[in-house]
Amino acid sequence: MQSWRIWVAIVLLLDAGIGLWNARRFAPIIPPRRLGWIAVIEGVIAVALALWHFFARS
């Protein structure tokens, strides 16, 4: 069974959420606008991995 996909999706979603939650704290390192795009990209990849996990079962 390929359970790595769902675990990577969970970690990516958590990372995106933590990044957005602490956007002000990370502002000196990463501009908030760029951080928002990184979080969106992580979210899209996480959703794609989750869909792949649930729909590609054989």
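Me: Over the ring of which residue does the charged end of arginine 5 sit?

Reply: A charge sits over a ring if NZ of Lys or CZ of Arg is within 6 Å of the ring centre and within 35 degrees of the ring normal. In this predicted model, the charged end of arginine 5 lies over the ring of tryptophan 52, 4.4 Å from its centre. Local features here need pLDDT of at least 70, side-chain atom pairs count only at pLDDT 80 or more, and totals for chains, interfaces and linings use all residues. Residues are numbered from 1 along each chain as its sequence is written, and side-chain values use heavy atoms, with hydrogens and water left out.

Me: How is an aromatic pair read, and which residues form the pair here?

Reply: Two aromatic rings are described by the distance of the centres and the angle of the planes. Rings of Phe, Tyr and Trp (its six-membered ring) pair if their centres lie within 6.5 Å; planes under 30 degrees apart are stacked, over 60 edge-to-face, and the rest tilted. The structure holds 1 aromatic pair. Tryptophan 4 and tryptophan 52 form this edge-to-face pair, with 5.8 Å centre to centre and 85° between the planes.

Me: With which residues is leucine 12 in contact, leaving aside its neighbours within four places in sequence?

Reply: Contact means heavy atoms within 4.5 Å. Leaving those neighbours aside, leucine 12 is in contact with Glu42, Ile45, Ala46 and Leu49.
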